[in-house]
Amino acid sequence: MKFLTTILLTALLSIAACLYLPWWIIAIVAFIVALAIPQKPLVSFTAGFIALFAGWGVLAWYISNNNHHLLAHKVSLLILKSDSPYLLILATALIGALVAGFGALSGSYLR
C-alpha cells in the first residue's frame with residue numbers, strides 16, 4: 001500500500017510542481033516523498049521511476065497529441081535523427097523517470 005501511495009504522491013506532486021517551477025523539481029519532490037514514506041532503497045527508486053515514467057509519458061503524449069505531433073516530429077528529427085515522435089516521448093519519459101528515481105533513492109538512503 002505504501003508503494004502505490006508513493007507512486008501516486010510522487011506523480012501528482014511532481015506534475016503540479018512542474019507547472020510553476022523548473023523541470024528538475026521532480027528530483028526534489030521524489031526526494032521529499034522518499035524521506036516522508038520509509039521504504040527500502042530499491043523499492044523507493046522503483047516507485048519514483050514508475051511515477052515519473054507514467055506521469056511524464058502521459059503528459060508528453062497528451063501535449064504532443066493536442067497539436068498532432070507537429071513539434072515532436074521536428075524535434076525528433078533534430079535530436080534523434082529520425083522522424084519518430086513516439087520515441088521522443090519515450091526518451092522524455094525515461095529521462096524524467098531516471099531523475100525522479102535517483103532523487104527517491106537519495107531520499108531513501110538519507111533516511
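Predicted model: local features only at pLDDT ≥ 70, side-chain atom pairs only at ≥ 80, totals over all residues.
Me: Thanks. How many helices and strands does the chain have?
Reply: There are 5 helices and 0 strands. Reading from the N terminus, the order of elements is α-α-α-α-α.

Me: And why does the chain count as being as compact as a globular protein of that length?
Reply: The globule rule gives 13 Å for 111 residues, and the radius of gyration here is 15 Å, which is close to it, so the chain is as compact as a globular protein of that length. Taken along the principal axes, the C-alpha atoms fill a box of roughly 45 × 25 × 25 Å.

Me: What share of the residues is buried?
Reply: Of the 111 residues, 37% count as buried.

Me: What about contacts between residues at least 6 apart in sequence: what percentage join residues at least 24 apart?
Reply: That comes to 74% of those contacts.

Me: Let's pick one residue. Where is Ile-26, and is it buried or exposed?
Reply: Ile-26 sits in helix α2, which covers residues 25-36. Its relative accessibility is 0%, so it counts as buried, the cut-off being under 20%.

Me: Which residues does Ile-26 touch, apart from its neighbours within four places in sequence?
Reply: Ile-26 is in contact with Ser-14, Cys-18, Leu-52, Trp-56, Gly-96, Val-99 and Ala-100. Another residue to look at is Gly-101: it is 75 residues away from Ile-26 in sequence, while their C-alpha atoms are 9.5 Å apart in space.

Me: How do α2 and α5 meet?
Reply: Helix α5 spans residues 85-110, and its axis comes within 7 Å of the axis of α2. The two axes cross at roughly 35°, and the crossing is right-handed.

Me: Which residues make that contact?
Reply: On the α2 side, they are Ile-26, Ala-27, Ala-30, Phe-31, Ala-34 and Leu-35. From α5 come Gly-96, Val-99, Ala-100, Gly-103, Ala-104, Ser-106, Gly-107, Ser-108 and Leu-110.

Me: Ser-108 is in that list. Is Ser-108 buried or exposed?
Reply: Ser-108 has a relative accessibility of 9%, so it counts as buried. Leaving out neighbours within four places in sequence, Ser-108 is in contact with Ala-34, Gln-39, Lys-40, Pro-41 and Ser-44.

Me: And Leu-98, what is its accessibility like?
Reply: Leu-98 is in helix α5 too, and with a relative accessible area of 34% it is partly exposed. Leu-98 and Leu-70 are 28 residues apart in sequence, with 26 Å between their C-alpha atoms.

Me: Switching to rings: how many aromatic pairs are there?
Reply: The count is 4 aromatic pairs. One of them joins Trp-23 and Trp-56, whose ring centres are 6.5 Å apart with 55° between the planes, which makes the pair tilted.

Me: What parts of the chain does that pair tie together?
Reply: Trp-23 is in the loop between α1 (2-18) and α2, and Trp-56 is in helix α3 (residues 41-66), so the pair links parts that are 33 residues apart in sequence. As for cover, Trp-23 is partly exposed at 47% relative accessibility, whereas Trp-56 is buried at 13%.

Me: Last one: where is Pro-22?
Reply: Pro-22 is in the loop between α1 and α2. With 37% relative accessibility, Pro-22 counts as partly exposed. Its C-alpha atom is 19 Å from that of Ala-91, which is 69 residues away along the chain.

Technical notes
Residues numbered from 1 in each chain as written. Heavy atoms only, no water. Helix = DSSP H or I, 4+ residues; strand = E, 2+ residues; numbered from the N terminus. Buried < 20%, exposed > 50% of the residue type's maximum accessible area, 1.4 Å probe, protein only. Contact = heavy atoms within 4.5 Å. Rg over C-alpha atoms; globule rule 2.2 N^0.38 Å. Phe/Tyr/Trp six-rings, centres within 6.5 Å; stacked < 30°, edge-to-face > 60°. Axes fitted to C-alpha atoms, helices over the stretch in contact; angles between N-to-C directions. Left-handed = near helix turned anticlockwise from the far one by under 90°.
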